[in-house]
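Hi,

Here is the structure I promised to pass on to you. Have a look at it first, and then read on for what turned up.

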Amino acid sequence: MEQWLLLGASGSGKSTLLNIISGLLKPTEGQILINNTELYELSAKRMDRFRGKHIGIVFQRPHLIRSLDVLDNLELAAVMAGLKIDHERNLAVLNDLGIADLARKYPDQLSQGQLQRVSVARALVNRPDLLVADEPTSSLDDENAAQVIQMLTSQAKENGAALIIATHDQRVSEHFTKTYLL
Amino acid sequence: MNIFKISYKNLARNKLTTILNIVLVAFGVAILSILFLASDQISNKLEKNAKDIDLVVGAKGSPLQLILSSIYHIDYPTGNIPAKDAYRLAHHPMVRRAVPLALGDNFNGFRIVGTDSAFVNLYGLSLQNGVFWQKDLEVTIGSTVASTSNLKIGDTFFGAHGLTGNGDIHKQHAYLVKGILKPQGNITDNLILTNIGSVYKMHEEKHGEIDLHPNLPDKKEINDKQITALLIQYKSPMSVVLFPRMVNQSTNMQAASPAMESARLFSLIGVGIDTLKWFAILIMGIAALSIFISLYNAMKERKYDLAIMRCLGASKVKLFFLVLFEGILITFIGACFGLLAGHLALEVIGTFQESSQAKLTGLTIIRQEGYLIWIGLLIGAVASLIPAMQIYKVDIAETLTKDR
């Protein structure tokens, strides 16, 4: 599976493109094909479902549900996508990302780096075909940024998912060979 | 993990707001349930006790007081009527059954009623143990009297003068318990029944003491026997118009109809009940407003949560119901607590009530209370409708991409 970096200055339209790719924003023209599915021809409800099942999204901010603990946040991803909760899968993902001990912690109790790792885990639990990350490192320090990028690339590879990362962060570009400059 | 857990967790996170809203709903529902239960029980009692009594004849005074004292045994009697006149009425051709009552004494707050066997037939009394009273100073007691004062057959006790309290005890004569009634579910559970002669005997003795001083008019009054009231059952409904008019115009006594007086009583306390009802409705309205405001305000913060859930694959409809469900959950919990509190409060009121005749209980359920739960659910749904509709306005892409 391919891994692409989407580079560009802020305001160049990286996020807009990612939102269009993830089915969050309808393009004025053109089409998005994922696994031969024309995304914007689906009904609103089916597109929500499709996104939940096939696309994992990591945002600049972790956006975890604050009233739920880490494990519940992962389960939420399955429930909202209409999938069965796979408890072992959830634990395995947490384990892979080195945050298994945080499973019963609430978002308020975690650091920025830990939160971003949980949001990566959430994007992965449904075994998506496409992993999309929008500025995943911009609010992290060097060490955490490197770890998160490393996780995204290795997890995407392990799960057989295509990866697109949009960023203007120079620390990220050294990890990628394929870049698209917007 | 499901939609219920998400709602529940979110409510648990905002504990104080949730508690405030639950308390508001519970308070409104509790007041309404107390009103429903109390008015149901009171009207039930009024109806049951006056079931077969068409008319009460007693001394002139307030007709409501006459009804309350001689049917419900709550208020004081209006006075006495000459037994002679009462018996003349009792044998009137329009009268099927007439029951004389002689009141005036009590035992631990339970009224001692002097009457005759017609009383047994009027209320359809049956015995649990022993026999009905026959001779002077023999009594048959109601089931509540037996259980609260621990009287058994063969026990004796002294009556006290007056209708409440143990102030002035008639120590000269003791009553002897001859029988205990089966629970009847009406006023007779709280009465001590004896013959009229016993009541006379008590009071003759008392006046006898005074008699040591020459006091002729007093003695005269005793010789002209008196009773307190006469309960009357008509032979035919035709008498409803004629008989009371006859009593009121041609004798020195008054006739009062239980049906009319209970209706009047209800219209009197009705104002208070209506006021309380509107007060409770107002509180429910405030509860709805409070739920609305707290959900609406929370939407600003929850916008991100809801956007992320959309992003994870939840449809707009699903999230609409998620918010709606939260409002409904609050009012449902509130309504349940309210019903519980209402019943508890009424039971507590019942235990502190002095008059054992009109005791209220919180241990019964009536159908209107089911409506209260539905009303609660409806309020929750209405209050959360507008906040829930915000779901349709949230722009996920913009919300999630923008810095929080």
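**Helix α6 of chain A**

At 1.5 Å a residue, the 18 residues of helix α6 (residues 142-159) of chain A should span 26 Å, and its end C-alpha atoms are 25 Å apart, which agrees. (The expected span is 1.5 Å times one less than the number of residues; helices are DSSP runs of H or I with at least four residues, strands are E runs of at least two, and both are numbered from the N terminus.) Before going further: this is a predicted model, in which local features need pLDDT of at least 70 and side-chain atom pairs count only at pLDDT 80 or more, while totals for chains, interfaces and linings use all residues. Residues are numbered from 1 along each chain as its sequence is written, and chains are lettered from A and ligands numbered from 1 in the order in which they are written.

After α6(A) comes G160(A), with a positive phi near 65°.

**Where the chains meet**

Chain A gives 28 residues to the contact and chain B gives 21; two residues are in contact if their C-beta atoms, placed from the backbone, lie within 7 Å. On the side of chain A that touches chain B, α1 (14-21), α2 and α3 (70-80) each give two or more residues.

G52(A) is worth a look here. This residue sits in helix α2 (residues 44-54) of chain A and counts as buried because it has 27 C-beta neighbours inside 10 Å. Leaving out residues up to four places away in sequence, G52(A) touches M80(A), A81(A), G82(A) and N126(A), as well as L312(B) and G313(B). G52(A) and A123(A) lie 71 residues apart in sequence, with 9.2 Å between their C-alpha atoms.

Happy browsing!

Note on methods:
Buried ≥ 20, exposed ≤ 12 C-beta atoms within 10 Å, placed from the backbone.
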